[in-house]
Amino acid sequence: MSPLKIKKGSTSHSAYDLRSTFGDEVERHTLAVIVENEPGVLARVIGLFSGRGYNIESLTVAEIDHTGHLSRITIVTSGTPQVITQIKAQLGRIVPVHEVHDLTVEGASVERELALFKVAGKGDHRIEAIRLADIFRANVVDSTLESFIFEITGTPEKIDAFADLMRPLGLQEVARTGVAALSRGAS
Amino acid sequence: MMSKQMTGAKMVVQALIDQGVDTVFGYPGGAVLPIYDEIFQQNHIQHILVRHEQGAVHAAEGYARSTGKPGVALVTSGPGATNAVTGLTDALMDSIPIIVLTGQVPTFMIGSDAFQEADTVGITRPCTKHNWLVKETDTLSGVMHEAFHVATSGRPGPVLIDIPKDVQFASGTYTEKAKRKSHYQPQVKGDLDMITELAKAMEKAKRPVFYTGGGVINSGPAATQLLRELVAATNFPITSTLMGLGCYPASGDNWIGMLGMHGLYEANMAMHDCDLMINIGARFDDRITGRIDAFSPKSKKAHIDIDASSINKVIHVDMPILGDCAHVLEDLLNVWKSRGRKTDKENLAKWWGQINEWRKVDCLAFKQEGKTIKPQHALARLEALTKSHDRYICTEVGQHQMWAAQYLGFEDPNRWMTSGGLGTMGYGFPASIGVQLAHRDSLVINVAGEASWLMNMQEMGTAVQYNLPVKQFILNNERLGMVRQWQELLHGERYSQSWSEALPDFVKLADAFGAKGILCSDPADLDDAIMEMINHDGPVVFDCLVEKHENCFPMIPSGKPHNEMLLGENADTANAIQGAGGALV
């Protein structure tokens, strides 16, 4: 995983040439932004997206290096290749941003999201819910005679699929963390 | 590293001294009193008391743009900070390095809606390059030094430090101007392979043009010097944006004038028809490009810029070069020279022939007839009578600004201070105060419209208090001229709210402040009146009554490409702006 920089010593491989910058297709990209863990840094990132009209599909943030004062913000966004390039460049010029990685183009990556589902029901619905949870490898983290809370980890698509199945079985509440992502292999 | 114990307020002053600051523009208030107390007790830094915080920030901008050094403003919390917002945004849009220090209510009162409390870092986050709220005195000096580093490195811009009053009172450890390397280190060297590609393109170009901008001036004197060398060696034509005027001399052989919405015919036509466009430190602003899908359709484009987000933002370029103008120009010159200093001289001569044909259109021609002064004539006379002086020009925003850009010639960088990106009416007067403070013996003129000038006219008090001989050259058409022009072109000549019925007597106004006022309405008196203005040792308000309904041409109507310009006298202006163009500004 290498930071977003114009590669030195190459003509055709500048960051701008990774893809045709002016295509019309809207693409979904997962960005990992390593930032100085200082007050207001999240507001800067979010303000950039709202101020310039970019999409945020999900955003997660937490400190990853206490001694180095670094946090990692994982943003799932969508836009045309030109917009994605702009987003990365705009993120890169925020002063407390150390690195911007586009996990979607920097080789293979792993994406995971955690979600909690509260499902209430009786009889067959209750049995079916727990059977499906088993298939999805969701854990029961709270139980009453009328409800379960399931904990599930997976790709956003897997969690969407589980939500679709739980809805007719008495889904009451969902809490999702948003995506955390890392590139595969040694850094 | 030496360290000393002192109060936060003293640290602020000490850090300013260590950063080489000699002038601070400011306005006191409750939350900055400890800092003002420290200012009172020292003689290193001169504090200039403005009359409104917006004036302080624009004055700091004028100081910065005319010196190349960062400007500093000091204001109080709440309204002091919110009044600084326009100046901060202006500096952000035009990439001007300024440091704004704001007082804040004490840390233990933050969030309690205290008297004169505002969420200053929240309000200014989108209009600064970076900002800090300092909660501990021990970190204050480090933040001060980092702020100067951030404001002046990479693409320059405004920064703000919000300092609660208890942090100013408390004692802490002062750290000297840091040797410690900030993690903020923008890339200055460009990619050599891409620079070589550009050099090759320059060798083959039949119709090249240099399109330069404020980045060349921001980069510093070396960039200007290298640019001039490159232009002379290649004999390519050069145009510039409003922000870049002066990076190449207006009297230079290769100068084809400013480009853009009110740029010269030959410059815009050259941009449209070129086959190689070399953008150095400009950003394809919408005032420049006109209709994007018809912008310079036949050219390969190179873009040298220190800000990666400027590259491919608006216009797709073939040769992106991320780096500082001076560093890239030096490498470009060396590469091009080492490859044999080649250009396609034969086609270049034809290109110059074409440009000279366009020049014959004489797009700035005007007729001064009758008893009313044409604004173009006023500026042409101002140019003739002042160009031999050591001269700095500021402007407000509107028609007069475009005429000043068209009719005044700039031989050197840092001589032209105008609000380009934000278009801030009220910028010019306080900016001229900042310029004059940095250049006490120079002729500083603010070319103004009467409406813009009134927006910050309270700064007359500042000019008089410090005996700053700033010349306020007001082209008074009793109209919001540019608004009026657009209403004529786009809104069926319905002049909604674009004139002033209660203008002051500017001569009496000047008199009331203790300055000199000059009224001129007759073309026959103009030269003598201008000379009287120049020769007066003190601030002058020059009320130049001009033709009320003059339009500013040439003009690329919004939504049109470069080769569909409206030209002065014979322009058919009815319905000049149509369709989607009407939604643009």
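How many bridges join S6(A) to S7(A)? The answer is 4 bridges, and the two strands run antiparallel. The structure discussed here is a predicted model. Chain A comprises 4 helices and 8 strands, and 43% of its 187 residues count as buried. The points below treat the strands of chain A, then aromatic residues in chains A and B, and finally some backbone features of chain B.

**Order of elements in chain A**

- Read from the N terminus, the elements of chain A follow the order β-α-β-β-α-β-β-α-β-β-α-β.

**The open sheet of strands S1 to S4**

- Chain A has an open sheet of 4 strands in the order S2-S3-S1-S4, and the pairing is antiparallel.
- Its edge strands are S2 (58–65) and S4 (97–102) of chain A, each of which pairs on one side only.
- On average, neighbouring strands of this sheet are turned by 20 degrees against each other, with direction ignored.
- Within the sheet, strand S1 (residues 27–36) of chain A pairs with S4(A) over 5 bridges, in the antiparallel sense.
- A:Leu31 has A:Asp102 in S4(A) as its bridge partner.

- Strand S7 of chain A covers residues 147–154; it is largely enclosed by the rest of the structure, because 6 of its 8 residues are buried.
- Strand S5 (residues 109–120) of chain A pairs with S7(A) in the antiparallel sense, and this pairing extends over 8 bridges.
- One contact between strands places A:Ala115 with A:Ile152 in S7(A) as its bridge partner.
- S6(A) and S7(A) form a hairpin, with 3 residues between the two strands.
- A:Ser143 stands opposite A:Phe148, which belongs to S7(A).

- A:Leu114, A:Leu116 and A:Val141 make a nonpolar surface patch of about 220 Å².
- Of these residues, A:Val141 is located in strand S6 (residues 139–143) of chain A.

**Aromatic residues**

- Over all chains, a search of the whole structure finds 15 aromatic pairs.
- A:Phe49 and A:Tyr54 form an edge-to-face aromatic pair, with 6.0 Å from centre to centre and 85 degrees between the planes.
- A:Phe49 counts as buried at 1% relative accessibility, and A:Tyr54 is likewise buried, with a relative accessible area of 15%.
- In chain B, the ring centres of B:Phe25 and B:Tyr63 lie 6.2 Å apart and the ring planes stand at 65 degrees, so this pair is edge-to-face.
- This pair links distant parts of the chain: B:Phe25 lies in strand S2 (residues 23–26) of chain B and B:Tyr63 in helix H3 (residues 53–67) of chain B, 38 residues apart.
- B:Phe25 counts as buried at 0% relative accessibility, and B:Tyr63 is buried with a relative accessible area of 4%.
- One aromatic cluster in chain A is formed by A:Phe117, A:Phe136, A:Phe148, A:Phe150 and A:Phe162.

**Backbone features of chain B**

- B:Phe553 and B:Pro554 are joined by a cis peptide bond, with omega at about -5 degrees.
- B:Pro554 belongs to the segment after strand S20 (540–545) of chain B.
- B:Ser296 has a phi near 35 degrees, which is a positive value in a residue other than glycine.
- B:Ser296 is situated in the loop between helix H13 (286–289) and strand S13 (300–305) of chain B.
- Is B:Ser296 buried or exposed? B:Ser296 counts as buried, since its relative accessibility is 1%.
- B:Arg341 is not a glycine, yet its phi is positive at about 50 degrees.

Notes:
Residues are numbered from 1 along each chain as its sequence is written. Chains are lettered from A and ligands numbered from 1 in the order in which they are written. This is a predicted model: local features need pLDDT of at least 70, side-chain atom pairs count only at pLDDT 80 or more; totals for chains, interfaces and linings use all residues. Side-chain values use heavy atoms; hydrogens and water are left out. Patches are made of residues with over 30% relative accessible area and no salt bridge: like charges are joined within 9 Å, nonpolar side chains (Val, Leu, Ile, Met, Phe, Trp, Tyr) within 5 Å. Accessible areas come from the Shrake-Rupley method with a 1.4 Å probe; for residues, only the protein chains shown count as cover. A salt bridge is a side-chain nitrogen of Lys or Arg within 4 Å of a carboxyl oxygen of Asp or Glu. Two strands pair if DSSP finds at least two bridges between them. Axes are lines fitted to C-alpha atoms, for helices over the stretch in contact, and angles run from 0 to 180 degrees between N-to-C directions. Rings of Phe, Tyr and Trp (its six-membered ring) pair if their centres lie within 6.5 Å; planes under 30 degrees apart count as stacked, over 60 as edge-to-face and the rest as tilted. Buried means under 20% relative accessible area, exposed over 50%, partly exposed in between (1.4 Å probe, protein chains only).
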